[in-house]
Amino acid sequence: DEDEYGTYIMNSRDLCAIDYIEDLVHAWIISFKVEGRNKTVNYIASTGLAYKEALRAVEAWEKYDVQKLAAELFSIANRGYIPGFLAGNPGANAQFYERNGGFQTKVFLGIIRNFDEKNKLARIEVKNKFNIWDDIEIVTPEWTFPSKVQTIKKIMTANNSTGREGLRPEEYDERLSEDATSAHGWGYEVWINMEKNYGDFALI
């Protein structure tokens with residue numbers, strides 16, 4: 001479709017089947033795929049967690065909290081959700097005409113690259129800006145865990161670049177770090193407080 005603001009060929013809404021997982025499993029669907037093309041690792045991880053929880057509940061013959069999981073899906077970047085053809089032909093509702101852009105209430109902040117057990121600090125590859133005292137969530141393959149940023153230590157290396165070999169300390173070294181009140185995205189690494197090791201490549 002096209003109007004005075006342009007075309008909407010790429011404005012199709014995202015498919016959300018969280019309401020139908022039990023029905024699909026009972027229909028002998030044995031494989032589910034999260035569409036990850038042109039999506040962030042945060043989208044894939046968070047979406048996978050939500051559907052994994054639903055599938056585990058169905059396999060255990062338990063009910064899952066649809067509203068809670070739907071809220072989690074709506075919190076990450078999306079273009080509005082529809083059930084696709086699971087509830088019949090969506091017609092015009094399959095396209096999103098209301099605005100150019102998506103919805104989200106949470107921001108992908110970074111990737112955990114290393115954990116210093118002695119100092120209880122995690123080295124973060126920063127993706128978007130965050131500040132000291134921000135509330136954050138740590139996303140692992142099993143669950144999400146709430147936390148609060150109480151310490152930010154900027155890593156002092158040439159360009160502070162994550163792409164240059166030999167410039168990233170594997171353990172925290174105060175001589176190579178300085179206190180900061182915020183972390184800026186794309187190309188920067190910082191250490192932040194973390195109570196335990198959630199594993200490399202966990203997300204915040």
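Two strands are said to pair if DSSP finds at least two bridges between them. Strands (E, at least two residues) and helices (H or I, at least four) are DSSP runs, numbered from the N terminus.

**Orientation.** The structure on display is a predicted model, in which local features need pLDDT of at least 70, side-chain atom pairs count only at pLDDT 80 or more, and totals for chains, interfaces and linings use all residues. Residues are numbered from 1 along each chain as its sequence is written, and side-chain values use heavy atoms, with hydrogens and water left out. Displayed as a cartoon, the chain shows 3 helices and 13 strands.

**First stop: a hairpin.** Select residues 135–139, which form strand 8, together with residues 144–148, which form strand 9. The two strands run antiparallel and are joined by 5 bridges. A hairpin of 4 residues links strand 8 to strand 9. Next, pick I136 and look across to strand 9, where S147 is its bridge partner.

**Second stop: the nonpolar cores.** A nonpolar core is a set of buried Ala, Val, Leu, Ile, Met, Phe, Trp, Tyr and Cys residues joined through side-chain atoms within 4.5 Å. Buried means under 20% relative accessible area, exposed over 50%, and partly exposed in between (1.4 Å probe, protein chains only). Of the 204 residues of the chain, 38% count as buried. Select F130, I192 and I204, which touch the most other members of the largest nonpolar core, a set of 19 residues. Strands 5 (110–116), 6 (121–126), 8 and 13 (189–193) are the elements that each give two or more residues to this core. Strand 6 contributes the most, with 3 residues.

Now centre the view on F130. Leaving aside residues up to four places away in sequence, F130 touches L109, V149, I152, S182, A183, V190, I192 and I204, where contact means heavy atoms within 4.5 Å. A second, separate core has 17 residues, including C16, L24, Y64 and Y81.

On a 1 Å grid over the protein atoms alone, a pocket is an open set of points where a 1.4 Å probe fits, with protein on both sides within 12 Å along at least five of seven lines; lining residues have an atom within 4 Å of a point. The largest pocket holds about 620 Å³ of space. Select L15, K33, V34, E35 and Y43, the closest to its centre among the 24 lining residues. Finally, colour helix 2 (41–59) and strand 3 (14–15), the elements that give two or more residues to the lining. Helix 2 supplies the largest share, 6 residues.

Terms used. Points joined across faces, edges and corners; volume = space filled by probe spheres on them.
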